[in-house]
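Please open the model in your viewer and keep the selection tool at hand. We will go from stop to stop, and at each one I will say what to select and what is there.

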Amino acid sequence: MKKRKVRKVSPAAREIFSYLSLLIGAFLIAVSFNLFLLSNRIASGGVSGISVIVNTLVHIPPAYTQWALNIPLFIAGILVLGRHFGVKTAVGSVILPFFVLLTSHWTAPTHNPLLAAIYGGLGVGLGLGLVFRGRGSTGGLDVAAQIIHRITGIRLGLAVAALDALVILAAAFFISFENALYALIGLYVTSKTIDIVQTGLQTSKAAFIISKDPERVSAAILHDLDRGLTKLEGVGGYTGENRPVLLVVVGQSEVTRLKNLVRDADPEAFVIISNAAEVLGEGFRENKNL
């Protein structure tokens, strides 16, 4: 397999990319919020969900509610958690409500709540994925969850889920139970979209191969499949014998060929194949460290 020259990205370029990701992501979140979620009164968690509820009850523009919550939460985060939040969290906490205010007059393309939940969740997930890829944050209830985690010891993921659940329960009480159900759909779509943005659509496979003839299997993989491999040290649980475990990562389209090559080299080989959501490095996606 030919080695490709790895392009090094300068720290300045990485920093520019991270801020661009933060700004573009925040803009996508704001547009999706206004066009789909707010216009259909879908409060799918977070500070944005609270702003939908407040707007429904007292007609305060959501951007003002988001500023009123984000800024104190950011200050509380600095006091409780320290200064590690950095400039990007501060920027995200301020710029997202600004984009919400900027796009508040845009006309909603649909008033079907199911479509709004799906497309709103997609847009928010795409925006958050870009923000996270830029190593940024939009603040909000994520900061509150980190504070709760620090003070009580509750797992961070559980704290985030609990706060989102409280927002959706409030939406069920103050807006409608049906809208809360749509909010759950939007929240689920958002989480799945974030995963796709973070790891990509391509799914590779990681294969662990235990064989009595590891050299023959290795040769087949290296020369016939043209894939690299790693030999891990393994010990048989029953026999106590030392036996190498071959680790090889292949693309989805190469799985059948890999199994056939291993079968031909050693019909008794033990093979475990599992999903590898993201693979960076030679022969796969280049790691640009952005």
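Start by selecting Arg-263 and Asp-264: these two form a salt bridge, with their closest N and O atoms 3.6 Å apart. The term stands for a side-chain nitrogen of Lys or Arg within 4 Å of a carboxyl oxygen of Asp or Glu. Arg-263 is partly exposed, at a relative accessible area of 48% (buried is under 20%, exposed over 50%, partly exposed in between, with a 1.4 Å probe and protein chains only).

A word on the model before moving on: it is predicted, so local features need pLDDT of at least 70 and side-chain atom pairs count only at pLDDT 80 or more, while totals for chains, interfaces and linings use all residues. Residues are numbered from 1 along each chain as its sequence is written, and side-chain values use heavy atoms, with hydrogens and water left out.

(Helices are DSSP runs of H or I with at least four residues, strands runs of E with at least two, numbered from the N terminus.) Lys-212 is exposed at 63% relative accessibility, and Glu-268 is exposed at 62%.

Next, pick Glu-215 and Lys-231, another salt bridge, with the closest N and O atoms 2.9 Å apart. Glu-215 belongs to helix α9 and Lys-231 to strand β2 (residues 230–232), so the pair ties together parts 16 residues apart in sequence. Lys-231 is partly exposed, at 44% relative accessibility.

Now for the largest pocket: select Gly-45, Gly-46, Leu-128, Asp-142 and Asp-164, which lie nearest its centre among 29 lining residues. A pocket here is an open set of points on a 1 Å grid over the protein atoms alone, where a 1.4 Å probe fits, with protein on both sides within 12 Å along at least five of seven lines; lining residues have an atom within 4 Å of a point. Elements giving two or more residues to the lining include α1 (11–37), α5 (113–133) and α8 (177–199). The pocket holds about 610 Å³ of space, a volume filled by probe spheres set on the points.

Finish with Leu-57, found in helix α2 and partly exposed at 44% relative accessibility.
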